[in-house]
Amino acid sequence: MVYTSLRTTDRAGLEEARTRLRSVPATQPGATTPAPALWVWDDAEAVTRWNDVDRDRLLRLLTEVAGRGVRTLITSRDGATWLPPDTERVALGTLSHAERAEFVARTLGPDAAPMLEPLLHFSQGNPVVLRALCRRPPYGEAVDGAVEKRLEALRAGTGRPLETDGDAPPPQSVTADLRAFFDEREQRVLSLLLFFRTNVAAVHLTALAQRLDRLGGALQKTSLDYHCAVRLLAAVADLGWLTPLRADFHAIHPLLPCALRPLLDDWADEVSTRTTHQAFAEHYDQHGHALFWTHQRGAQGVLDIMTLDHDNLLRAQQTALELGMTDEVVGPMQALRELYHETSRRQRWLALVASLSQAPAGPAMGGSLRPDLVFRDESVRPVITDYLRDLDLSPERTGSTPDGQDDAEGQDATALHAQEQEAAPPPSNDAERVELRNEAIRLLDDNSGPSLHRAVDLAHRSGDQRLEASALIDLGHWYRSLGEPRYDRVAHSCFEESHSLAVETDRLTHARVLDGLGALHLGRVRRLADERLQQLVRTGEIDTSRPGRFTVDLPEEAIGELVQAESYYVEALALFADGDRTVARTTASLHHQLGGIYQMTNDVERATRHFQQAIQAHDESGDVLRAAHSRQDFANFLVHRGDRVADARLYAERALHDFLSLGEPQREQAEGVRHLVEWLREEKP
């Protein structure tokens with residue numbers, strides 16, 4: 001094997017590689033023996049800056065060694081566009097959330113404190129960045145928001161650069177490359193990337209530059225159009241500092257901002273920087289409103305755009321608040337509200353709304369509008385005031401239980417109230433329709449029986465069939481959570497009605513309906529299993545006074561329910577293509593349920609596969625809580641069914657870390673996993 005790296009090998013060194021590879025006996029055509037040699041060439045992105053003559057010599061070398069049967073493995077941060085078109089390319093994705101945590105644990109050692117979530121997010125799953133973050137022990141503690149401030153300084157390019165110890169070129173070197181590769185106008189446009197967070201789209205970069213052209217300032221007259229922006233971002237991606245994503249989005253390498261900062265300092269003074277921040281907030285205000293109304297009109301695909309643009313929407317909201325641009329806060333928040341509702345991240349929404357409240361204690365305290373918020377357009381005030389109502393309706397203030405169980409009298413009264421509301425007149429205009437829809441969403445977040453009934457009614461009156469179908473699913477789950485057979489029929493009716501409302505192409509709603517029907521059958525399985533267990537205890541066949549684990553065979557009726565549940569979950573999964581990350585949150589839940597079903601039937605292979613797929617999908621969707629639950633259940637399965645103590649301990653320890661990272665609300669759950677971890681550490685593999 002021959003190894004070369006452009007960090008340690010100059011161009012003349014490639015001639016040495018040629019000499020060594022020429023001495024290798026050539027593989028005969030049609031031979032079945034392995035390749036006689038492997039050439040591993042690391043850090044090949046520097047070839048982009050070679051002249052045409054040197055690149056041609058390199059291509060001839062690659063062709064020559066390939067003719068002798070030598071296999072060549074080239075690694076590069078860029079796309080290596082100089083390679084022949086028939087080159088086999090393998091794009092490596094970033095590390096998932098779980099893989100990042102595992103990477104950090106292996107780097108820091110078993111006794112080190114886990115890395116904070118903001119740092120894992122900042123790294124974007126880049127191993128070089130993760131190693132650099134691990135080299136700075138102060139990152140292990142969060143003191144007065146110091147970590148967040150430090151990360152924001154890195155994103156703005158004003159902080160002390162991360163120490164990569166040669167894993168990546170220093171910022172000064174990257175800056176020099178950018179100056180050499182791009183002209184002055186292009187450098188100014190590239191410096192605008194410092195105002196974006198995590199991802200940038202060519203359309204947004206174009207809009208920001210054009211808005212600055214209109215506002216005036218040091219960056220005016222860039223004459224940047226969309227096609228120029230696309231070519232510019234592609235050129236930076238070829239250098240390895242941007243990663244192409246879906247649509248025209250690119251991920252910004254976490255180390256790039258520190259290299260871009262000198263380009264910004266070349267032209268921007270304090271006034272120009274403030275003007276650019278203002279332009280950024282104004283653009284994303286308009287963009288946020290556009291995302292909101294597009295989603296309101298039923299375009300579910302826009303959620304993918306919201307997800308890619310999440311950090312920029314959040315940054316635009318914060319920037320507008322910092323600059324006193326209260327009116328421009330609304331656009332990003334409208335879009336984020338839709339995204340957080342659709343992805344069940346209510347606490348994120350409440351934390352965002354709390355930034356508008358003068359109450360110091362956070363979402364649980366509710367509060368009134370901050371007195372320093374000044375409106376140019378007073379019609380915006382009711383919208384933001386309406387957001388604050390969500391704080392007053394949070395579970396911490398209303399006292400509602402997680403499953404929203406109310407007494408039967410309350411349920412009957414709610415049902416009667418809903419019937420009376422059916423006679424209410426339909427909304428007369430779009431504004432009233434949006435108001436009804438927003439109120440329905442707020443009630444869905446409350447998740448109590450009366451609120452869910454009311455939400456179904458308001459969604460129906462607003463004419464939003466998809467929201468009505470979603471509300472019916474939530475109501476069906478609420479009845480299911482009561483745990484009484486007499487409510488199963490009502491829950492089933494809710495799921496069936498939701499199914500009839502959903503259009504044929506609405507895969508997510510159909511999957512949620514099937515998930516609800518499957519959950520109904522699983523509930524019956526658990527009730528039948530409990531009855532069987534109680535019967536065995538009463539007859540003395542099981543002695544509960546003695547410690548230990550025991551297995552109870554399911555009654556025949558429960559087996560039938562289990563088969564029916566399995567069919568619903570399998571049907572739901574079949575709605576989505578394998579590897580479709582846009583629906584990872586939904587498919588994760590389905591895989592988890594199937595894992596539990598196969599665990600009950602002692603189908604080790606299929607249970608293992610579905611639990612692992614559930615964990616992977618939860619990580620891809622960023623759902624730390626549900627990923628922790630899947631890891632906990634899988635750890636228990638590995639012990640009880642597969643006797644894989646060492647593997648179980650790894651999953652249990654990761655579940656414990658995730659529960660602890662979520663703070664006090666998951667403290668009790670964390671303690672349960674802690675006992676499992678301690679027991680596993682005492683057991684011998």
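A crossing of two helices is left-handed if the near helix is turned anticlockwise from the far one by less than a right angle, and right-handed if clockwise. The model on screen is predicted, with local features needing pLDDT of at least 70 and side-chain atom pairs counting only at pLDDT 80 or more, whereas totals for chains, interfaces and linings use all residues. Residues are numbered from 1 along each chain as its sequence is written, and side-chain values use heavy atoms, with hydrogens and water left out.

Select residues 202-215, helix α9, together with residues 226-238, helix α10; helices here are DSSP runs (H or I, at least four residues) numbered from the N terminus. The two pack at an angle of about 120 degrees with their axes 9 Å apart, the axes being lines fitted to C-alpha atoms over the stretch in contact and the angles running from 0 to 180 degrees between N-to-C directions. The crossing of α9 and α10 is right-handed.

Now show the side chains where Ala202, Val203, Leu205 and Thr206 of α9 meet Tyr226, Ala229, Val230 and Leu233 of α10, contact meaning heavy atoms within 4.5 Å.

Next, select His121, Phe122, Gln124, Arg155, Phe196, Arg197, Thr198, Ile252, His253, Pro254, Pro257 and Asp311, which line the largest cavity. On a 1 Å grid over the protein atoms alone, a cavity is a set of points where a 1.4 Å probe fits but cannot get out, and lining residues have an atom within 4 Å of a point. The volume of the largest cavity is about 120 Å³, where a volume is the space filled by probe spheres set on the points, which are joined across faces, edges and corners.

Terms used
1 Å grid on protein atoms, 1.4 Å probe; cavity = no way out; pocket = protein on both sides within 12 Å on 5 of 7 lines; lining within 4 Å.
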